[in-house]
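Dear colleague,

Please find below the structure that I am handing over to you. My notes on what was found in it follow directly after.

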Amino acid sequence: MSNDAAIAAPAVDGPEQEPPAHGLGAALPQADARAKTEGTFPYASDLWAEGLLWAAILRSPHPHARITAVDTSAAAEMPGVRAVVTHADVPGDAAYGRGVADRPVFASGVVRHHGEAIAAVAADHPDTARLAAAAIIVEYEVLEPVTDPEKAFAAEPLHPDGNLIRHIPLSFGDPEVSGEVVVEGLYRIGRQDPAPIGAEAGLAVPRPDGGVELYTASTDPHTDRDLAAACFGLDKERVKVVVTGVPGATGDREDPGFQIPLGLLALRTGCPVKLAATREESFLGHAHRHPALLRYRHHASAEGRLLKVEAQILLDAGAYADASSESLAAAVAFACGPYVVPHAFIEGWAVRTNNPPSGHVRGEGALQVCAAYEAQMDKLAAKLGLDPAELRLRNVLATGDILPTGQTVTCPAPVAELLQAVRDFPLPPLPKDTPRTRGCCPADPRARASPARCGAASATHWAWSTCSVRREPTRCPRPR
């Protein structure tokens, strides 16, 4: 049979294929589903451009030090190196930040955390770029770091703006109310990093008009464009952020710490410049979830009705403010959880330390307090001899209730229905009972009998301070 005949042959009889659904409510396949399934979808680390250079960033090995000298000559003279940039080469704003613009593009005079960027290099090969970055000579006068947020109140200022970023006192109801049953707890939430599958990567391409295009896995391209343009000293219209595939994101993709040095190198060399961070570089280069110290006291009636919640919240912002002010506001606002609390007295602080910067990670501020108030509800249930779910059902919020912020819940709030559905759903089987897993599951009664085995801090480690909301709201929380 000829090719023409083959082409003209009718299709084999069979059931007619239904056309794909369209319109409102139709479930359409994702446009990039096939490419991602086949592994052909281009992420930022896959991008390429003619005349491509590679970038590397030199970072501080010290959490706190004074920079006395920086010598880039050896790096600049290496074969294949096209540019070396430091703080002196930033044509626009020397610092950036979403909430407060206090984080320098490159450290100048002092480094405030381990891994802070000091210089960046563009070269014709990634290995050459890394070798050149390592060849930059930086002389440091090492300083004593402040890594404990409690000590930040009395420490020497780590930043011209001081160590205290924000203090929020929240008072709601009668401070003299006391419950028949009282439970206390001290909770420490460590630094967390989502570590998505793909580390940071990007491509910066200079434009004919003297601007630059940044190809990166951003989840907030408009703000990234504005921050980058200010540091480049360019009008916003001359900076374009193109969102590539995002290989996992929980808010951490809103940190432009990699994009700005990349764009500076592209503008300096006039060539496309690419950076693909290693996992270690990723951890050092972007912000993390705020570590938190949370001191709680819950008051309840003998029937298990919440009467009052007292809490002190201390967020470790790390070296720079970034979005810490907003994170603290969320922590204070949600400090009592989805429960009706007639009287609440919350006090929160966010402070600078010499720890790595904290910033946007999904649910910032609200997740830290969630761990504390839910642990408090479990303690209260145990003290009252009630089922933990039953205690929660007696106190859940509903439409029409008033939050400790004074706001009335006007939207649907099916907290009770959701809790009931979760309680009725069968639990999965416990893992095999071995010495390695014994006592580590919150559902294991032995774990409840020994909270320290699950990481809960003892309330005896931190006595209540004198800085309650109603007495001395401007003083800091210090252990007795």
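Strand S3 (residues 81-85) is mostly covered, with 4 of its 5 residues buried; buried stands for under 20% relative accessible area, exposed for over 50%, and partly exposed for the range in between (1.4 Å probe, protein chains only). Helices (H or I, at least four residues) and strands (E, at least two) are DSSP runs, numbered from the N terminus. S3 pairs with strand S7 (residues 117-123) in the antiparallel sense over 4 bridges, where pairing requires that DSSP finds at least two bridges between the two strands. Within this pair, Ala83 stands opposite Ala122 in S7.

**Basis of the model**

This is a predicted model, in which local features need pLDDT of at least 70 and side-chain atom pairs count only at pLDDT 80 or more, while totals for chains, interfaces and linings use all residues. Residues are numbered from 1 along each chain as its sequence is written, and side-chain values use heavy atoms, with hydrogens and water left out.

**The chain as a whole**

The chain contains 12 helices and 17 strands. Of its 480 residues, 45% count as buried. The accessible surface comes to about 23800 Å², and 56% of it belongs to carbon and sulfur atoms; these areas come from the Shrake-Rupley method with a 1.4 Å probe, and for residues only the protein chains shown count as cover. Among contacts (heavy atoms within 4.5 Å) between residues at least 6 apart in sequence, 78% join residues at least 24 apart.

**A three-strand sheet**

An open sheet of 3 strands has the order S6-S2-S8, with antiparallel pairing. Its edge strands are S6 (110-111) and S8 (137-142), each of which pairs on one side only. Strand S2 (residues 65-71) and S6 are joined in the antiparallel sense over 2 bridges, and Arg66 stands opposite Val110 in S6.

**Nonpolar cores**

A nonpolar core is a set of buried Ala, Val, Leu, Ile, Met, Phe, Trp, Tyr and Cys residues joined through side-chain atoms within 4.5 Å. The largest such core has 38 residues, of which Leu294, Tyr296, Ile313, Ile346 and Leu380 touch the most other members. Two or more residues are given to this core by each of strands S9 (164-172), S10 (181-189), S15 (292-300), S16 (306-318) and S17 (343-352), and by helices H8 (324-333) and H9 (366-384). H9 gives the most, with 7 residues. A second, separate core of 32 residues includes Ala117, Ala122, Leu234 and Leu275.

Not counting residues up to four places away in sequence, Ile313 touches residues that include Leu293, Leu294, Leu328, Val332, Ile346, Trp349 and Val369.

**His298**

His298 is found in strand S15 and is buried, with a relative accessible area of 1%. Its side chain is joined to that of Gln376 by a polar contact of 3.2 Å. A polar contact is a pair of N or O atoms within 3.5 Å; within protein, one must be able to donate a hydrogen and the other to accept it, and residues adjacent in sequence count only if both atoms are side-chain atoms. Leaving aside neighbours within four places in sequence, the residues in contact with His298 include Val181, Val183, Leu306, Lys308, Tyr373 and Met377.

The 12 residues of helix H5 (residues 221-232) should span 16 Å at 1.5 Å a residue, and the end C-alpha atoms are 16 Å apart, which agrees; the expected span is 1.5 Å times one less than the number of residues. The buried residues of H5 are Pro221, Asp224, Leu227, Ala228, Ala229, Cys231 and Phe232. These buried residues pack against strands S4 (95-96), S12 (212-216) and S13 (239-243) and against helix H6 (259-269). H5 is followed by Gly233, whose phi is positive, near 70°.

Lys236 lies in the loop between H5 and S13 and counts as partly exposed, at 41% relative accessibility. The C-alpha atoms of Lys236 and Arg225, 11 residues apart along the chain, are separated by 6.8 Å. Apart from neighbours within four places in sequence, Lys236 is in contact with Arg225, Asp226 and Ala229.

**Ser45**

Ser45 lies in the loop between helix H2 (33-38) and strand S1 (53-59). With a relative accessible area of 38%, Ser45 is partly exposed. The C-alpha atoms of Ser45 and Ala201 are separated by 5.3 Å, although the two are 156 residues apart along the chain. Beyond neighbours within four places in sequence, Ser45 is in contact with Ala201 and Lys274.

With kind regards
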